[in-house]
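Here are a few notes from going through this one. Have it open alongside as you read.

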Amino acid sequence: RRHMMHHIKHVTTRSRSFRWTHNRPFVLMMLAGMFALLALSGCDGPPPNATGANPPPSADKSLVRLTTEEIKSAGIIVQPVTRSEFRTIRDFPGTVEPNEHALAEITTLVRGRVIDVYADLGREVKGGTLLALLYSSELGMAQSAYLKATAKLNVAERAFRRAELLLKEKVIGVAELQRREGEMLSLRAELREARDRLLILGLTDEDLRNLDRNHTIRSHVPVVAPFDGRIIARNLTKGEVVETTEKLFVVADLTDVWVTAVIPEKDIPYIRPDQTGTGQSVEVHVAAYPGQAFQGRITYVGDVLDPATRTMRLRLELPNPERKLKPAMYATVRVYSEPEANALLIPESAVQRDRDRQFVFVEREPAIFEARDVKLGSSNGREIKVLDGLLEGESIVTNGAFVLKSELLGEQM
């Protein structure tokens, strides 16, 4: 080759001495011949595949191979794909509230001054426990009016009976008898009115019998608990004057509580009406007790939507024997769907994602894993339904799949 290049250079040099117009055909022919020889002898070895051998096959890029030590250190766990019952879930925001059937906002039926308070916030009380004592002049005046009406009626009744005797003796006329009868009937009405007022002010039939028997006016008003429960609000202090519109105490039995949730309009079909008497399966979760689920049942499904938020009200009732659920707590209401039988399921931890791709690692052989694309359906947070890509009984990686994913993507890069 060096000899040819030297010869080309020599010819080129000599060609400069010739006149271009006389030697152009000869020079062109010489150059073409030399370059053809260079092209044929430009490579010392044979061309690729000159021997006729096929290239080696490329490795399957979907397989990951690990040693036994690597599998153990990565904590890889393999489990078979199975079929079982499957439920989907929906989560909705909610708030814990007292059970309104066991909630009492205690007021006074008569205006009065607080003499003493016997109960404080958080105290457990029994039905009939004295919470506070008021002094009410209004109650005293009402009892006085009742005693006066009773005395007047007694006088009127005796006068009427005496008039009946006098009429028989023709001492008085019929008109006098009718007048005394009218007075008696009027005083009876006054007495009934005074009695009803005392009942409205909180006195019982027993209190009225004692008042009739002893004629003792009692101006003290006891404030008592209506049932067993806990005092969750107190709004009075000793010495203040309270009105009938003021809430003095709030007593609630918190062994059962309500949770009120709001359901978006699009999720209303997910709430199933209770047609079997068993109710839809519902759980309540609160931030104070992570990982703990409180079981409840749906007791009310709203009939109308809130026009501002386009949501429906849902109410649950939950047993609360340990008093863990407090009124005004924020909660998450988890509602389960009807069970779907014989669904092909895999754990959420088995699914790996890379951009728009979803895949799992299938154990082809011991220590050899295949990354296989799958088509997935609904998920309940723990398990996910498989629509395509896996068969029942195939072994997949359920723990440690991220290590295999790192190995797979590292090899592809």
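1. Strand 9 (residues 220-224) contributes the most to the lining of the largest pocket, five residues in total. Strands here are DSSP E runs of at least two residues and helices are H or I runs of at least four, numbered from the N terminus.

2. Keep in mind that this is a predicted model: local features need pLDDT of at least 70, side-chain atom pairs count only at pLDDT 80 or more, and totals for chains, interfaces and linings use all residues. Residues are numbered from 1 along each chain as its sequence is written, and side-chain values use heavy atoms, with hydrogens and water left out.

3. The largest pocket holds about 280 Å³ of space. Of its 15 lining residues, Leu109, Gly202, Val221, Pro222 and Val223 are the closest to its centre. (On a 1 Å grid over the protein atoms alone, a pocket is an open set of points where a 1.4 Å probe fits, with protein on both sides within 12 Å along at least five of seven lines; lining residues have an atom within 4 Å of a point. The volume is the space filled by probe spheres set on the points.)

4. Helix 4 (residues 137-168) checks out: its 32 residues should span 46 Å at 1.5 Å a residue, and the end C-alpha atoms are 47 Å apart, which agrees. The expected span is 1.5 Å times one less than the number of residues. After helix 4 comes Lys170, with a positive phi near 60°.

5. Strand 18 (residues 340-347) pairs antiparallel with strand 3 (residues 82-86) over four bridges, Thr82 standing opposite Leu345. Pairing requires at least two DSSP bridges.
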